[in-house]
Amino acid sequence: MLEGFRERKLEVTAALAELSDIAHGLGARSLSDRLCRELIKKLEEDRFHLVVVGEFNHGKSSFVNALLGEHVLPVGVTPTTAVIHQLKFTDPPEATIVFQSGKRDPIAFDETRSFSVGGKSVDEIDYLEVGYPAPLLRERILLVDTPGVNDLSLQRADITYSYIPRADAVLFLLDAGQILKESERQFLNEKLLKASRDKIVFVIAKWDILNDDEKTEALAYARSQLANLVKDPVVFPVSAEASLAGRNTESGMPELLGHLTTFLAEERGRILLDNALGEGENAVRLVAKGVDARRRSIAMKAEELERRIKMLEDDLAGQAGTLEQRRIRIREEVSGIKAGAQKDLERFVTDTVRQLPNIIDSAKKDDLRKFLPAFLEDTFRQWAEAESQEIAHRLEALAEATIALIKEDAHEASKRVASTLGGDVKKLDIEIDTFRYDASVAGVLMIGIGTMIAVNFIAGGMLVAAAPLLALAMRDRVDAEYKKRANEQAPEVIREAAKRVGPKLEEMIEDFAKKLDAWVVTAGEELYREILEVLDAARNARASGEKDEAAARAEVIAWEERLGKACSRIEGLRTALSSTAHVRIAS
(Lines give C-alpha, C1' and ligand atoms only; values in the text may rest on other atoms or scores of the structure.)
Protein backbone atom coordinates (compact mmCIF):
# COMPACT_ATOMS: atom_id res chain seq x y z
CA MET A 1 0.00 0.00 0.00
CA LEU A 2 2.77 2.44 0.85
CA GLU A 3 4.54 1.59 -2.41
CA GLY A 4 1.41 2.61 -4.30
CA PHE A 5 1.27 5.87 -2.36
CA ARG A 6 4.90 6.62 -3.21
CA GLU A 7 4.17 6.11 -6.90
CA ARG A 8 1.23 8.53 -6.74
CA LYS A 9 3.35 11.02 -4.84
CA LEU A 10 6.02 10.89 -7.56
CA GLU A 11 3.36 11.62 -10.20
CA VAL A 12 2.03 14.59 -8.24
CA THR A 13 5.54 15.91 -7.60
CA ALA A 14 6.39 15.66 -11.32
CA ALA A 15 3.21 17.55 -12.29
CA LEU A 16 3.96 20.34 -9.84
CA ALA A 17 7.59 20.50 -11.00
CA GLU A 18 6.38 21.00 -14.59
CA LEU A 19 4.14 23.85 -13.43
CA SER A 20 7.04 25.42 -11.54
CA ASP A 21 9.19 25.20 -14.68
CA ILE A 22 6.50 26.96 -16.74
CA ALA A 23 6.21 29.75 -14.16
CA HIS A 24 9.99 30.17 -14.14
CA GLY A 25 10.12 30.31 -17.94
CA LEU A 26 7.49 33.04 -18.00
CA GLY A 27 9.50 35.07 -15.51
CA ALA A 28 7.24 34.49 -12.49
CA ARG A 29 10.21 33.62 -10.32
CA SER A 30 8.48 34.13 -6.95
CA LEU A 31 5.66 31.76 -7.87
CA SER A 32 8.11 29.20 -9.22
CA ASP A 33 10.21 29.37 -6.06
CA ARG A 34 7.15 28.95 -3.84
CA LEU A 35 5.98 25.94 -5.81
CA CYS A 36 9.37 24.33 -5.30
CA ARG A 37 9.76 25.31 -1.67
CA GLU A 38 6.25 24.95 -0.30
CA LEU A 39 4.78 22.14 -2.37
CA ILE A 40 7.40 20.01 -4.10
CA LYS A 41 10.01 20.01 -1.35
CA LYS A 42 7.34 19.47 1.29
CA LEU A 43 6.05 16.41 -0.58
CA GLU A 44 9.54 15.02 -1.11
CA GLU A 45 10.50 15.40 2.54
CA ASP A 46 7.17 14.51 4.12
CA ARG A 47 6.97 11.53 6.45
CA PHE A 48 4.01 9.90 8.12
CA HIS A 49 4.03 10.66 11.83
CA LEU A 50 3.03 7.62 13.90
CA VAL A 51 2.73 8.57 17.58
CA VAL A 52 2.60 6.06 20.44
CA VAL A 53 0.74 7.24 23.56
CA GLY A 54 -0.09 5.52 26.83
CA GLU A 55 0.35 5.49 30.56
CA PHE A 56 3.70 4.43 31.92
CA ASN A 57 4.18 0.76 32.77
CA HIS A 58 1.83 -0.20 29.93
CA GLY A 59 4.68 -1.66 27.91
CA LYS A 60 4.95 1.33 25.60
CA SER A 61 8.69 1.10 24.97
CA SER A 62 8.43 -2.68 24.51
CA PHE A 63 5.67 -2.11 21.97
CA VAL A 64 7.83 0.41 20.08
CA ASN A 65 10.66 -2.11 20.09
CA ALA A 66 8.26 -4.69 18.62
CA LEU A 67 7.32 -2.23 15.85
CA LEU A 68 11.03 -1.82 15.12
CA GLY A 69 11.65 -5.55 15.28
CA GLU A 70 14.48 -5.29 17.84
CA HIS A 71 15.30 -4.07 21.37
CA VAL A 72 16.16 -0.45 20.53
CA LEU A 73 14.66 1.59 23.37
CA PRO A 74 15.25 1.03 27.12
CA VAL A 75 12.48 -0.79 28.99
CA GLY A 76 11.62 -0.51 32.69
CA VAL A 77 8.83 -0.65 35.26
CA THR A 78 9.08 3.09 36.01
CA PRO A 79 8.61 6.02 33.61
CA THR A 80 11.69 5.52 31.43
CA THR A 81 11.02 7.77 28.44
CA ALA A 82 12.10 11.17 29.73
CA VAL A 83 11.88 13.00 26.39
CA ILE A 84 10.14 12.58 23.08
CA HIS A 85 11.93 9.95 20.98
CA GLN A 86 11.65 10.49 17.21
CA LEU A 87 12.72 7.38 15.34
CA LYS A 88 13.57 7.52 11.63
CA PHE A 89 15.36 5.27 9.16
CA THR A 90 19.16 5.42 9.03
CA ASP A 91 21.81 2.82 8.34
CA PRO A 92 23.94 2.52 10.43
CA PRO A 93 22.10 3.45 13.67
CA GLU A 94 22.68 6.94 15.02
CA ALA A 95 21.33 9.33 17.66
CA THR A 96 21.17 13.10 18.03
CA ILE A 97 20.04 15.31 20.91
CA VAL A 98 17.91 18.17 19.56
CA PHE A 99 17.76 21.08 21.98
CA GLN A 100 14.95 23.62 22.29
CA SER A 101 17.40 26.24 21.00
CA GLY A 102 17.73 24.30 17.74
CA LYS A 103 21.22 23.04 18.53
CA ARG A 104 21.89 19.44 17.48
CA ASP A 105 24.37 17.30 19.40
CA PRO A 106 25.18 13.87 17.89
CA ILE A 107 25.79 11.15 20.49
CA ALA A 108 26.77 7.50 20.41
CA PHE A 109 23.77 5.30 19.66
CA ASP A 110 24.23 3.35 22.90
CA GLU A 111 23.79 6.57 24.90
CA THR A 112 20.09 6.65 24.05
CA ARG A 113 19.56 4.37 27.04
CA SER A 114 20.73 7.11 29.41
CA PHE A 115 17.70 9.23 28.54
CA SER A 116 15.49 7.89 31.28
CA VAL A 117 14.05 9.43 34.40
CA GLY A 118 17.00 9.89 36.71
CA GLY A 119 19.41 9.86 33.77
CA LYS A 120 20.68 12.92 31.93
CA SER A 121 19.04 16.30 32.48
CA VAL A 122 16.23 16.85 29.98
CA ASP A 123 15.27 20.42 30.88
CA GLU A 124 16.68 22.00 27.70
CA ILE A 125 16.13 19.06 25.35
CA ASP A 126 13.37 19.23 22.74
CA TYR A 127 13.57 15.61 21.60
CA LEU A 128 15.95 12.74 20.97
CA GLU A 129 16.29 11.82 17.30
CA VAL A 130 17.10 8.13 16.86
CA GLY A 131 18.03 6.64 13.52
CA TYR A 132 17.69 2.90 13.03
CA PRO A 133 17.50 0.54 10.00
CA ALA A 134 14.08 -0.91 10.83
CA PRO A 135 11.81 -2.06 7.94
CA LEU A 136 8.89 0.04 9.23
CA LEU A 137 10.99 3.21 9.29
CA ARG A 138 12.23 2.53 5.76
CA GLU A 139 8.67 3.26 4.62
CA ARG A 140 9.22 6.98 5.45
CA ILE A 141 7.43 6.65 8.77
CA LEU A 142 8.56 8.79 11.67
CA LEU A 143 7.78 6.82 14.83
CA VAL A 144 7.35 8.90 17.97
CA ASP A 145 7.54 7.45 21.48
CA THR A 146 6.12 9.87 24.05
CA PRO A 147 6.39 10.20 27.82
CA GLY A 148 3.59 8.53 29.77
CA VAL A 149 0.39 10.57 29.91
CA ASN A 150 0.00 10.07 33.67
CA ASP A 151 3.65 10.82 34.40
CA LEU A 152 3.73 13.19 37.38
CA SER A 153 6.13 15.48 35.50
CA LEU A 154 3.74 18.05 34.02
CA GLN A 155 6.42 19.24 31.63
CA ARG A 156 6.77 15.84 29.98
CA ALA A 157 3.03 15.29 29.99
CA ASP A 158 2.52 18.62 28.23
CA ILE A 159 4.97 17.55 25.54
CA THR A 160 2.75 14.55 24.91
CA TYR A 161 -0.37 16.68 24.69
CA SER A 162 1.14 19.20 22.29
CA TYR A 163 2.62 16.54 19.99
CA ILE A 164 -0.55 14.56 19.38
CA PRO A 165 -2.27 16.99 16.96
CA ARG A 166 0.62 16.62 14.49
CA ALA A 167 0.22 12.86 14.21
CA ASP A 168 -1.05 11.05 11.11
CA ALA A 169 -2.04 8.12 13.32
CA VAL A 170 -2.09 7.72 17.10
CA LEU A 171 -1.54 4.34 18.74
CA PHE A 172 -3.12 4.50 22.19
CA LEU A 173 -1.90 1.67 24.42
CA LEU A 174 -4.12 -0.03 26.96
CA ASP A 175 -2.95 -2.62 29.50
CA ALA A 176 -4.52 -6.07 29.13
CA GLY A 177 -4.43 -6.41 32.92
CA GLN A 178 -6.52 -3.28 33.52
CA ILE A 179 -8.26 -2.06 30.39
CA LEU A 180 -9.37 1.57 30.23
CA LYS A 181 -8.73 2.99 33.68
CA GLU A 182 -10.52 6.17 34.75
CA SER A 183 -7.37 8.24 34.17
CA GLU A 184 -7.28 6.94 30.59
CA ARG A 185 -10.93 7.81 30.02
CA GLN A 186 -10.22 11.30 31.28
CA PHE A 187 -7.16 11.70 29.06
CA LEU A 188 -9.07 10.47 26.01
CA ASN A 189 -12.00 12.81 26.65
CA GLU A 190 -9.99 15.90 27.57
CA LYS A 191 -7.02 15.62 25.24
CA LEU A 192 -6.90 12.94 22.60
CA LEU A 193 -10.42 12.72 21.19
CA LYS A 194 -10.71 16.47 20.65
CA ALA A 195 -7.63 16.55 18.44
CA SER A 196 -7.36 13.08 16.89
CA ARG A 197 -10.71 11.29 16.91
CA ASP A 198 -10.39 10.15 13.28
CA LYS A 199 -6.89 8.68 13.56
CA ILE A 200 -6.79 6.69 16.81
CA VAL A 201 -5.93 3.02 16.91
CA PHE A 202 -6.36 1.33 20.30
CA VAL A 203 -3.73 -1.29 21.10
CA ILE A 204 -4.21 -3.70 24.01
CA ALA A 205 -0.64 -4.47 25.08
CA LYS A 206 0.63 -7.42 27.16
CA TRP A 207 -1.98 -9.65 25.50
CA ASP A 208 0.06 -12.73 26.38
CA ILE A 209 -0.67 -12.39 30.12
CA LEU A 210 -4.29 -13.53 29.51
CA ASN A 211 -5.59 -17.03 28.81
CA ASP A 212 -8.00 -17.70 25.95
CA ASP A 213 -11.18 -17.16 27.96
CA GLU A 214 -9.80 -13.96 29.49
CA LYS A 215 -8.83 -12.70 26.05
CA THR A 216 -12.35 -13.13 24.70
CA GLU A 217 -13.82 -11.34 27.68
CA ALA A 218 -11.18 -8.56 27.66
CA LEU A 219 -11.60 -7.80 23.95
CA ALA A 220 -15.38 -7.64 24.25
CA TYR A 221 -15.08 -5.36 27.28
CA ALA A 222 -12.57 -3.06 25.56
CA ARG A 223 -14.75 -2.65 22.48
CA SER A 224 -17.92 -2.00 24.47
CA GLN A 225 -16.25 0.56 26.74
CA LEU A 226 -14.42 2.35 23.94
CA ALA A 227 -17.66 2.49 21.94
CA ASN A 228 -18.91 4.90 24.59
CA LEU A 229 -16.10 7.25 23.59
CA VAL A 230 -15.53 6.57 19.89
CA LYS A 231 -17.89 5.30 17.21
CA ASP A 232 -16.65 1.94 15.85
CA PRO A 233 -13.38 1.90 17.82
CA VAL A 234 -10.40 0.25 16.13
CA VAL A 235 -8.86 -2.27 18.55
CA PHE A 236 -5.85 -4.57 18.12
CA PRO A 237 -4.60 -6.88 20.90
CA VAL A 238 -0.84 -7.44 20.66
CA SER A 239 2.01 -9.09 22.52
CA ALA A 240 5.29 -7.23 22.14
CA GLU A 241 7.14 -10.02 23.93
CA ALA A 242 5.87 -12.66 21.48
CA SER A 243 6.81 -10.46 18.53
CA LEU A 244 10.32 -9.80 19.81
CA ALA A 245 10.73 -13.51 20.50
CA GLY A 246 9.95 -14.25 16.85
CA ARG A 247 6.43 -15.62 17.43
CA ASN A 248 4.74 -13.23 15.01
CA THR A 249 1.68 -15.33 14.29
CA GLU A 250 0.57 -15.15 17.91
CA SER A 251 1.73 -11.58 18.54
CA GLY A 252 -0.98 -9.70 16.64
CA MET A 253 1.65 -7.36 15.18
CA PRO A 254 1.29 -8.37 11.48
CA GLU A 255 -2.44 -7.56 11.56
CA LEU A 256 -1.82 -4.20 13.19
CA LEU A 257 0.96 -3.23 10.79
CA GLY A 258 -1.10 -4.29 7.78
CA HIS A 259 -4.01 -2.07 8.73
CA LEU A 260 -1.71 0.79 9.68
CA THR A 261 0.04 0.88 6.32
CA THR A 262 -3.31 0.77 4.53
CA PHE A 263 -4.62 3.66 6.62
CA LEU A 264 -1.51 5.81 6.18
CA ALA A 265 -1.30 5.24 2.43
CA GLU A 266 -4.98 5.45 1.49
CA GLU A 267 -6.40 7.86 4.06
CA ARG A 268 -3.68 10.19 5.33
CA GLY A 269 -1.74 9.94 2.05
CA ARG A 270 -4.79 10.77 -0.03
CA ILE A 271 -5.41 13.92 2.03
CA LEU A 272 -1.76 14.97 1.68
CA LEU A 273 -1.76 14.58 -2.10
CA ASP A 274 -5.19 16.13 -2.57
CA ASN A 275 -4.10 19.25 -0.68
CA ALA A 276 -0.99 19.56 -2.83
CA LEU A 277 -2.97 19.14 -6.07
CA GLY A 278 -5.56 21.69 -4.91
CA GLU A 279 -2.78 24.18 -4.29
CA GLY A 280 -1.39 23.29 -7.72
CA GLU A 281 -4.72 24.15 -9.35
CA ASN A 282 -4.65 27.56 -7.65
CA ALA A 283 -1.12 28.10 -8.93
CA VAL A 284 -2.25 27.22 -12.48
CA ARG A 285 -4.65 30.17 -12.36
CA LEU A 286 -1.82 32.48 -11.28
CA VAL A 287 0.42 31.24 -14.11
CA ALA A 288 -2.43 31.75 -16.57
CA LYS A 289 -2.57 35.40 -15.53
CA GLY A 290 1.15 35.62 -16.22
CA VAL A 291 0.65 34.20 -19.71
CA ASP A 292 -2.09 36.75 -20.34
CA ALA A 293 0.11 39.60 -19.08
CA ARG A 294 2.92 38.46 -21.42
CA ARG A 295 0.50 38.39 -24.36
CA ARG A 296 -0.70 41.93 -23.61
CA SER A 297 2.84 43.23 -23.37
CA ILE A 298 3.69 42.03 -26.90
CA ALA A 299 1.20 44.40 -28.49
CA MET A 300 2.61 47.41 -26.64
CA LYS A 301 5.46 49.56 -27.80
CA ALA A 302 8.52 49.55 -25.55
CA GLU A 303 7.79 53.05 -24.24
CA GLU A 304 4.17 52.15 -23.48
CA LEU A 305 5.18 48.92 -21.74
CA GLU A 306 7.71 50.82 -19.66
CA ARG A 307 5.13 53.45 -18.71
CA ARG A 308 2.58 50.89 -17.58
CA ILE A 309 5.09 48.89 -15.58
CA LYS A 310 6.06 52.15 -13.84
CA MET A 311 2.37 52.81 -13.10
CA LEU A 312 2.00 49.39 -11.50
CA GLU A 313 5.15 49.86 -9.43
CA ASP A 314 3.94 53.28 -8.24
CA ASP A 315 0.53 51.88 -7.42
CA LEU A 316 2.10 49.06 -5.43
CA ALA A 317 4.25 51.55 -3.52
CA GLY A 318 1.11 53.55 -2.78
CA GLN A 319 -0.44 50.60 -1.02
CA ALA A 320 1.95 51.05 1.90
CA GLY A 321 -0.53 53.35 3.64
CA THR A 322 -3.40 50.88 3.35
CA LEU A 323 -1.16 48.07 4.50
CA GLU A 324 -0.08 50.03 7.56
CA GLN A 325 -3.74 50.64 8.43
CA ARG A 326 -4.32 46.87 8.43
CA ARG A 327 -1.30 46.37 10.67
CA ILE A 328 -2.39 49.10 13.09
CA ARG A 329 -5.79 47.42 13.38
CA ILE A 330 -4.13 44.13 14.27
CA ARG A 331 -2.04 45.81 16.99
CA GLU A 332 -5.08 47.57 18.45
CA GLU A 333 -7.19 44.40 18.52
CA VAL A 334 -4.38 42.38 20.05
CA SER A 335 -3.84 45.01 22.77
CA GLY A 336 -7.52 44.69 23.63
CA ILE A 337 -7.32 40.90 23.76
CA LYS A 338 -4.27 41.05 26.05
CA ALA A 339 -5.93 43.56 28.34
CA GLY A 340 -9.07 41.42 28.51
CA ALA A 341 -7.06 38.31 29.32
CA GLN A 342 -5.23 40.14 32.11
CA LYS A 343 -8.53 41.32 33.61
CA ASP A 344 -9.93 37.80 33.40
CA LEU A 345 -6.85 36.46 35.20
CA GLU A 346 -7.15 39.07 37.95
CA ARG A 347 -10.85 38.31 38.34
CA PHE A 348 -10.12 34.57 38.54
CA VAL A 349 -7.51 35.10 41.26
CA THR A 350 -9.80 37.40 43.27
CA ASP A 351 -12.77 35.02 43.07
CA THR A 352 -10.70 31.93 43.88
CA VAL A 353 -8.93 33.53 46.83
CA ARG A 354 -12.29 34.73 48.21
CA GLN A 355 -13.75 31.21 48.04
CA LEU A 356 -10.72 29.36 49.45
CA PRO A 357 -11.39 29.98 53.18
CA ASN A 358 -14.84 28.38 53.01
CA ILE A 359 -13.47 25.43 51.03
CA ILE A 360 -10.53 24.90 53.40
CA ASP A 361 -12.46 25.39 56.64
CA SER A 362 -15.27 23.02 55.60
CA ALA A 363 -12.90 20.22 54.57
CA LYS A 364 -11.68 17.44 56.82
CA LYS A 365 -8.02 17.78 57.73
CA ASP A 366 -6.94 14.51 56.13
CA ASP A 367 -8.92 15.23 52.96
CA LEU A 368 -7.34 18.66 52.81
CA ARG A 369 -3.86 17.21 52.98
CA LYS A 370 -4.63 14.70 50.23
CA PHE A 371 -6.71 16.77 47.85
CA LEU A 372 -5.88 20.47 48.22
CA PRO A 373 -2.91 20.46 45.81
CA ALA A 374 -4.98 18.63 43.17
CA PHE A 375 -7.93 20.95 43.79
CA LEU A 376 -5.78 24.05 43.24
CA GLU A 377 -4.31 22.58 40.07
CA ASP A 378 -7.71 21.51 38.69
CA THR A 379 -9.20 24.91 39.48
CA PHE A 380 -6.38 26.62 37.61
CA ARG A 381 -6.58 24.16 34.72
CA GLN A 382 -10.32 24.61 34.26
CA TRP A 383 -9.96 28.37 34.17
CA ALA A 384 -6.98 28.17 31.80
CA GLU A 385 -8.81 25.96 29.32
CA ALA A 386 -11.95 28.13 29.35
CA GLU A 387 -9.92 31.34 29.04
CA SER A 388 -7.69 30.03 26.29
CA GLN A 389 -10.72 28.91 24.31
CA GLU A 390 -12.16 32.43 24.57
CA ILE A 391 -8.82 33.91 23.49
CA ALA A 392 -8.60 31.45 20.60
CA HIS A 393 -12.04 32.50 19.35
CA ARG A 394 -11.10 36.18 19.50
CA LEU A 395 -7.80 35.63 17.70
CA GLU A 396 -9.51 33.53 15.07
CA ALA A 397 -12.11 36.27 14.50
CA LEU A 398 -9.29 38.81 14.13
CA ALA A 399 -7.51 36.62 11.59
CA GLU A 400 -10.67 36.05 9.55
CA ALA A 401 -11.52 39.77 9.51
CA THR A 402 -7.96 40.67 8.50
CA ILE A 403 -7.93 38.12 5.69
CA ALA A 404 -11.27 39.44 4.41
CA LEU A 405 -9.83 42.96 4.27
CA ILE A 406 -6.71 41.82 2.44
CA LYS A 407 -8.86 40.00 -0.12
CA GLU A 408 -10.89 43.20 -0.57
CA ASP A 409 -7.63 45.10 -1.11
CA ALA A 410 -6.60 42.50 -3.68
CA HIS A 411 -9.88 42.85 -5.54
CA GLU A 412 -9.47 46.62 -5.79
CA ALA A 413 -5.86 46.19 -6.85
CA SER A 414 -6.92 43.80 -9.61
CA LYS A 415 -9.14 46.48 -11.09
CA ARG A 416 -6.23 48.91 -11.18
CA VAL A 417 -3.96 46.29 -12.77
CA ALA A 418 -6.55 45.60 -15.47
CA SER A 419 -7.04 49.31 -16.06
CA THR A 420 -3.29 49.83 -16.36
CA LEU A 421 -2.75 46.97 -18.80
CA GLY A 422 -6.10 47.34 -20.57
CA GLY A 423 -8.55 44.60 -21.41
CA ASP A 424 -10.80 42.22 -19.53
CA VAL A 425 -11.02 43.10 -15.84
CA LYS A 426 -12.36 39.71 -14.78
CA LYS A 427 -9.66 37.77 -16.56
CA LEU A 428 -6.98 39.68 -14.69
CA ASP A 429 -8.71 39.46 -11.32
CA ILE A 430 -5.96 38.98 -8.72
CA GLU A 431 -6.79 36.65 -5.85
CA ILE A 432 -4.89 36.20 -2.64
CA ASP A 433 -2.41 33.41 -3.32
CA THR A 434 -4.34 30.51 -1.82
CA PHE A 435 -1.48 28.16 -1.19
CA ARG A 436 0.54 30.98 0.33
CA TYR A 437 -2.46 31.62 2.58
CA ASP A 438 -2.77 27.93 3.41
CA ALA A 439 0.93 27.79 4.25
CA SER A 440 0.37 30.70 6.61
CA VAL A 441 -2.42 28.84 8.40
CA ALA A 442 0.03 27.11 10.72
CA GLY A 443 1.59 30.43 11.60
CA VAL A 444 -1.80 31.91 12.41
CA LEU A 445 -2.48 28.85 14.65
CA MET A 446 -6.21 28.59 14.22
CA ILE A 447 -7.53 28.93 10.69
CA GLY A 448 -7.90 25.54 9.02
CA ILE A 449 -6.51 23.69 12.02
CA GLY A 450 -9.30 24.23 14.51
CA THR A 451 -9.59 26.17 17.71
CA MET A 452 -8.96 23.14 19.90
CA ILE A 453 -5.28 22.91 18.97
CA ALA A 454 -4.77 26.48 20.10
CA VAL A 455 -6.69 25.79 23.29
CA ASN A 456 -4.42 22.86 24.16
CA PHE A 457 -1.33 24.86 23.23
CA ILE A 458 -2.23 27.95 25.27
CA ALA A 459 -3.65 26.09 28.27
CA GLY A 460 -0.71 23.69 28.30
CA GLY A 461 1.78 26.54 28.17
CA MET A 462 0.13 28.35 31.04
CA LEU A 463 0.00 25.25 33.22
CA VAL A 464 3.66 24.49 32.57
CA ALA A 465 4.45 27.97 33.89
CA ALA A 466 2.17 27.54 36.91
CA ALA A 467 2.93 23.90 37.75
CA PRO A 468 6.07 24.40 39.91
CA LEU A 469 4.18 26.72 42.21
CA LEU A 470 1.00 24.68 42.29
CA ALA A 471 3.11 21.77 43.48
CA LEU A 472 4.15 23.73 46.57
CA ALA A 473 0.74 23.47 48.18
CA MET A 474 1.14 21.90 51.63
CA ARG A 475 3.18 18.75 51.17
CA ASP A 476 4.49 18.59 54.75
CA ARG A 477 3.14 16.79 57.83
CA VAL A 478 -0.35 17.27 59.24
CA ASP A 479 -0.58 19.23 62.49
CA ALA A 480 -3.04 21.36 64.39
CA GLU A 481 -2.11 24.47 62.45
CA TYR A 482 -2.66 22.87 59.03
CA LYS A 483 -5.89 24.66 58.12
CA LYS A 484 -4.48 27.96 59.27
CA ARG A 485 -1.39 27.50 57.14
CA ALA A 486 -3.53 26.29 54.23
CA ASN A 487 -5.55 29.51 54.40
CA GLU A 488 -2.31 31.50 54.40
CA GLN A 489 -0.41 29.60 51.72
CA ALA A 490 -3.06 28.49 49.19
CA PRO A 491 -4.01 32.04 48.14
CA GLU A 492 -0.32 32.86 47.76
CA VAL A 493 0.18 29.81 45.54
CA ILE A 494 -2.65 31.00 43.29
CA ARG A 495 -1.31 34.57 43.18
CA GLU A 496 2.23 33.48 42.41
CA ALA A 497 1.04 31.11 39.71
CA ALA A 498 -0.99 33.94 38.15
CA LYS A 499 2.12 36.15 38.12
CA ARG A 500 3.85 33.55 35.98
CA VAL A 501 0.86 32.83 33.80
CA GLY A 502 0.15 36.47 32.93
CA PRO A 503 3.39 37.10 30.97
CA LYS A 504 3.12 33.66 29.33
CA LEU A 505 -0.38 34.47 28.16
CA GLU A 506 0.72 37.80 26.70
CA GLU A 507 3.68 36.14 25.01
CA MET A 508 1.43 33.63 23.22
CA ILE A 509 -1.04 36.29 22.09
CA GLU A 510 1.83 38.47 20.87
CA ASP A 511 3.36 35.55 18.98
CA PHE A 512 0.06 35.05 17.18
CA ALA A 513 -0.07 38.78 16.35
CA LYS A 514 3.45 38.74 14.90
CA LYS A 515 2.62 35.83 12.61
CA LEU A 516 -0.61 37.43 11.43
CA ASP A 517 1.22 40.71 10.83
CA ALA A 518 3.93 38.93 8.84
CA TRP A 519 1.27 37.30 6.68
CA VAL A 520 -0.38 40.67 6.00
CA VAL A 521 2.95 42.17 4.91
CA THR A 522 3.71 39.20 2.67
CA ALA A 523 0.23 39.20 1.10
CA GLY A 524 0.45 42.94 0.45
CA GLU A 525 3.84 42.66 -1.20
CA GLU A 526 2.70 39.84 -3.47
CA LEU A 527 -0.46 41.44 -4.85
CA TYR A 528 1.32 42.51 -8.02
CA ARG A 529 4.55 40.58 -7.88
CA GLU A 530 3.74 37.81 -10.39
CA ILE A 531 2.37 40.26 -12.96
CA LEU A 532 5.31 42.64 -12.54
CA GLU A 533 7.83 39.82 -12.80
CA VAL A 534 6.27 38.57 -16.03
CA LEU A 535 6.14 42.06 -17.53
CA ASP A 536 9.71 42.71 -16.43
CA ALA A 537 10.82 39.50 -18.19
CA ALA A 538 9.00 40.64 -21.36
CA ARG A 539 10.70 44.04 -21.14
CA ASN A 540 14.13 42.45 -20.76
CA ALA A 541 13.52 40.08 -23.68
CA ARG A 542 12.46 42.98 -25.89
CA ALA A 543 15.44 45.09 -24.84
CA SER A 544 17.83 42.27 -25.69
CA GLY A 545 16.32 41.97 -29.18
CA GLU A 546 16.17 38.18 -28.91
CA LYS A 547 12.73 37.81 -30.50
CA ASP A 548 10.59 39.79 -32.88
CA GLU A 549 6.85 40.20 -32.29
CA ALA A 550 5.91 37.11 -34.30
CA ALA A 551 8.39 34.94 -32.39
CA ALA A 552 7.20 36.37 -29.07
CA ARG A 553 3.58 35.58 -29.94
CA ALA A 554 4.55 32.02 -30.93
CA GLU A 555 6.37 31.64 -27.61
CA VAL A 556 3.28 32.76 -25.67
CA ILE A 557 1.15 30.27 -27.59
CA ALA A 558 3.64 27.53 -26.71
CA TRP A 559 3.54 28.50 -23.03
CA GLU A 560 -0.24 28.49 -23.12
CA GLU A 561 -0.35 25.01 -24.67
CA ARG A 562 2.16 23.69 -22.17
CA LEU A 563 0.19 25.22 -19.31
CA GLY A 564 -3.02 23.63 -20.62
CA LYS A 565 -1.40 20.20 -20.57
CA ALA A 566 -0.06 20.78 -17.07
CA CYS A 567 -3.51 21.88 -15.91
CA SER A 568 -5.14 18.79 -17.42
CA ARG A 569 -2.53 16.58 -15.80
CA ILE A 570 -3.10 18.08 -12.34
CA GLU A 571 -6.90 17.94 -12.68
CA GLY A 572 -6.69 14.33 -13.88
CA LEU A 573 -4.53 13.30 -10.95
CA ARG A 574 -6.90 14.97 -8.53
CA THR A 575 -9.95 13.33 -10.11
CA ALA A 576 -8.28 9.91 -9.94
CA LEU A 577 -7.36 10.53 -6.32
CA SER A 578 -10.89 11.53 -5.33
CA SER A 579 -12.26 8.34 -6.89
CA THR A 580 -10.07 6.24 -4.60
CA ALA A 581 -12.24 4.45 -2.08
CA HIS A 582 -12.26 5.98 1.38
CA VAL A 583 -10.36 3.56 3.60
CA ARG A 584 -10.58 3.30 7.35
CA ILE A 585 -8.86 0.85 9.64
CA ALA A 586 -11.34 -1.79 10.72
CA SER A 587 -10.85 -4.09 13.65
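## Starting in strand S6

Phe48 stands opposite Ile141 in S6. That pairing is one spot in a predicted model, where local features need pLDDT of at least 70, side-chain atom pairs count only at pLDDT 80 or more, and totals for chains, interfaces and linings use all residues. Residues are numbered from 1 along each chain as its sequence is written, and side-chain values use heavy atoms, with hydrogens and water left out.

Strand S1 (residues 48-54) runs parallel to S6, and five bridges join them. Strand S2 (residues 84-88) runs antiparallel to S6, with three bridges; here His85 stands opposite Asp145. Strands here are DSSP runs of E, at least two residues, and helices are runs of H or I, at least four residues, numbered from the N terminus. Two strands pair if DSSP finds at least two bridges between them.

How enclosed is S6 (residues 141-145)? Five of its five residues are buried, so the rest of the structure largely encloses this strand. Buried means under 20% relative accessible area, with a 1.4 Å probe and protein chains only. Ile141, Leu143 and Asp145 cover one side, while Leu142 and Val144 are on the other.

## The whole sheet

Zoom out and you get nine strands in an open sheet, ordered S4-S3-S5-S2-S6-S1-S7-S8-S9, with mixed pairing. Strand S4 (104-107) and strand S9 (235-237) stand at the edges with a single partner strand each, so one side of each has no neighbour in the sheet. From one strand to the next, the twist averages 25°.

Over at S4, four bridges tie it to strand S3 (residues 94-99), and the two run antiparallel. Val98 has Arg104 as its bridge partner there.

## The nonpolar cores

A nonpolar core is a set of buried Ala, Val, Leu, Ile, Met, Phe, Trp, Tyr and Cys residues joined through side-chain atoms within 4.5 Å. The largest one has 74 residues, and Phe63, Leu87, Leu143, Leu171 and Leu256 touch the most other members. Helix H9 (residues 253-298) gives the most to this core, with 16 residues. Apart from it lies another core, of 31 residues, including Tyr127 and Trp207.

## Helix H2

Buried residues in H2 include Leu31, Leu35 and Leu39.

Conventions:
Axes are lines fitted to C-alpha atoms, for helices over the stretch in contact, and angles run from 0 to 180 degrees between N-to-C directions. Buried means under 20% relative accessible area, exposed over 50%, partly exposed in between (1.4 Å probe, protein chains only).
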